[in-house]
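User: Please go through the pockets, packing and backbone of this model with me, one point at a time.

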Amino acid sequence: MTKVTEPELRRYRLLILFALFQIGALTALGQDSGVIRVSVDATEAPRNLLHATIRIPVKPGPVSFFYPKWIPGEHSPTGPINDMVGLKLTAHGKTVPWTRDPVEMFAFGCDVPPGTSELEVAFDDVSQPGTTMSARLTRIKWNRLLVYPRGINSDAIRVEAAIKLPPGWQFATALPVQREGPDEIDFKEVSLTELVDSPMIAGAYFRKVPLAEKPVLHEMDMAADSPAALEVKPAVLLGWQNLVKEANALFGAHHYRSYRFLLTLSDVGGSEGLEHHESSEDGVGEKALSDPGQLIDLGDLLGHEYTHSWNGKYRRPADLTTPDFEQPMVGDLLWVYEGLTEYLGKVLPARSGMWAPENFRESIAAVAAEMDNQSGRDWRPLVDTATAVQFTYSSPRAWMNYRRRVDYYFEGLLLWMEADVIIRRQSQGKLALDDFCRRFHGGPDTGPTVKTYTFDDIGKTLNEVTPYDWRGFLNERVNLVNPHAPLGGITNGGWKLVYTGTPNEEVKFNEEQRKFMNLSYSIGLIVSNDGAVLDVNPELPAAKAGLAPGMKIVGVNGRVWSSDAIREAIGATRSDAAPIDLRVENGSFQENYKVTYRGGERYPHLERDVAKSDVLGEIIKPRARQ
Ligand SMILES: [Zn+2]
């Protein structure tokens, strides 16, 4: 008899309960698979206002509907229920009263009147300004625009969607189109799972750029706030085309019928990074295709979200694979789902030529330094940042260094890089993590499908590639508290993590984008450009002097606060032993703090270790274009 683990037992129990619940729900609704029709009026998208009408086949009697709560890819109960307003239920044109479940806020019930076969549910989606829309473009997420009969598997629910767009707007989506009229687009009937997995972008300034026609269509679809933002330089286009080739060479197969990058370019709306089987939502700044720093950032975003089509959508942790949008997801394997994706999402832009080798190394150095300097690693194992995803993802900035946030991404990256280097060293360069990916994520080409896995499957497949104590390797790095980040990928990969006075390119880009200064590796402080203390490392001099998040630095060594003043003061500590004198506001009080520190500005970089061969250099060599 196969040994059944505790998480599996829990899952079986849940599945049985869920099956019983479904039988009950189907009986109450008196339907098997009637088609739900979702009509969206997006003509007021520039006002952050969408109108949804859902027609649901019903039988008379009590029914319950559900608004999607657990959103795939977000791993959390993040359905924007508070943006659902104006809810009205009608049957034969007459209002039907509804009530919200007093415990499960995402569920609604009503009593369907006798003689009714279809209920109309209408509501408005009022997205927060600056999220999914701008005045010239919108991102349509179907999960925001529908309810469905509660308790039915989303694969078994059939849906037909239709949408009206503002005049002249164009669109792109992986959802198959049935009919495209001048005013309305009708989509083919699909499952509710597929609908939610197939968002669209639309906008006044729009462009579709084919990236590859074979073996299937790959396309970059772009909506922007200006026509100029849609201009693509030949080198950028080449990088995108190479990305498709490199990803397919890495995995050896794909699991989509076509693939669309749904890219929005706006400084005020549409910012996003969310994976789907046959598309990804990629939202960046308006000048992302012309600004060198933003282009580097875009390489990371596209590499990451595209990788998810294989790692996350096709291969998915069993406990993250839920039958509908109500059952809770369990995040303890997110260091695979997001961590491996984070790693490959940096390897692929380097292999594709979107990044120079130096960009890759600076990015790795920034991640390694951040993880190695998390003071929260003294109490929180990596796995807990994943298990607690329901609140770690939305963690505040204050005390983040002590708290640890979504480190399963970044420390996950370091862990997978270390595994890659071990495989390459053990096999004298004959094998690589690529071979794991081909076994785990490859196989024959398929359409969208989900193949679940457990912790044991990871170790087993790694062992098939290269025999090693992978269980011990993973257990030590994932489940145990470790004072240091796993830097073996760097050190055995022929490089050293060093700190110098020269700014790290990725750290500098983040500072500019987020308008803060990252002094984490000198006095242990992250401070906004106006002096507000955002975070401290409790182990380093600023915190030891008494500074804490929420305070505001107003003076540096007797002068008024400025970014230059604090940089100069830190720089001077290389030759001056005097403490840095900070004048600090804490609410309505002001006090002086003396920060004792020597060593000047410090930023992380990778430095070549010539005693070892350059495995990191091998990792980022193109493999599709040799
Ligand atoms: Zn991701």
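User: How much space lies in the second largest pocket, and which residues are the closest to its centre?
Analyst: This is a predicted model. The second largest pocket holds about 640 Å³ of space. Its lining is made up of 34 residues. The closest to the centre are Asp155, Thr193, His277, Arg316 and Val450.

User: Which element gives the largest share of the lining of the second largest pocket?
Analyst: Two elements give two or more residues to this lining: helix 1 (6-29) and helix 2 (192-196). The largest share is 3 residues, and the element that gives it is helix 2.

User: Which residues line the largest cavity, and how do they divide by class?
Analyst: The lining consists of Pro72, Gly73, His75, Lys313, Arg316, Leu320, Met329 and Tyr337. Gly counts as polar in this scheme and Pro as nonpolar. By class, the lining then comes to 4 nonpolar, 2 polar and 2 charged residues.

User: Are helix 11 and helix 12 roughly parallel or roughly perpendicular?
Analyst: Helix 11 (residues 407-426) packs on helix 12 (residues 433-442) with the axes 8 Å apart and an angle of about 105°. Angles of 65 to 115 degrees count as roughly perpendicular. Therefore helix 11 is, relative to helix 12, roughly perpendicular.

User: Which residues make that contact, and what are their classes?
Analyst: Helix 11 contributes Trp416, Asp420, Ile423 and Arg424. From helix 12 come Leu433, Asp434 and Phe436. The contact residues divide into 4 nonpolar, no polar and 3 charged.

User: What is the geometry of the aromatic pair of Phe171 and Phe187?
Analyst: The whole structure has 28 aromatic pairs, by the search made. In the pair of Phe171, in strand 12 (residues 170-173), and Phe187, in strand 14 (residues 184-187), the partners are 16 residues apart in the chain. Their ring centres lie 6.4 Å from each other, with 90° between the planes. Planes over 60 degrees apart count as edge-to-face, and the geometry of Phe171 and Phe187 is edge-to-face.

User: Is the peptide bond from Lys214 to Pro215 cis or trans?
Analyst: Pro215 sits in the loop between strand 17 (205-212) and strand 18 (218-224). Most peptide bonds are trans. From Lys214 to Pro215, however, omega is near 0°, and the bond is cis.

User: What is phi of His92?
Analyst: His92 lies in the loop between strand 4 (84-91) and strand 5 (94-95). Most residues other than glycine have a negative phi. For His92 the value is positive, near 50°.

Definitions and conventions:
Residues are numbered from 1 along each chain as its sequence is written. This is a predicted model: local features need pLDDT of at least 70, side-chain atom pairs count only at pLDDT 80 or more; totals for chains, interfaces and linings use all residues. Side-chain values use heavy atoms; hydrogens and water are left out. Axes are lines fitted to C-alpha atoms, for helices over the stretch in contact, and angles run from 0 to 180 degrees between N-to-C directions. Helices (H or I, at least four residues) and strands (E, at least two) are DSSP runs, numbered from the N terminus. Angles under 35 degrees count as roughly parallel, over 145 as roughly antiparallel, 65 to 115 as roughly perpendicular and the rest as oblique. Contact means heavy atoms within 4.5 Å. On a 1 Å grid over the protein atoms alone, a cavity is a set of points where a 1.4 Å probe fits but cannot get out, and a pocket is an open set with protein on both sides within 12 Å along at least five of seven lines; lining residues have an atom within 4 Å of a point. Grid points are joined across faces, edges and corners, and a volume is the space filled by probe spheres set on the points. Rings of Phe, Tyr and Trp (its six-membered ring) pair if their centres lie within 6.5 Å; planes under 30 degrees apart count as stacked, over 60 as edge-to-face and the rest as tilted.
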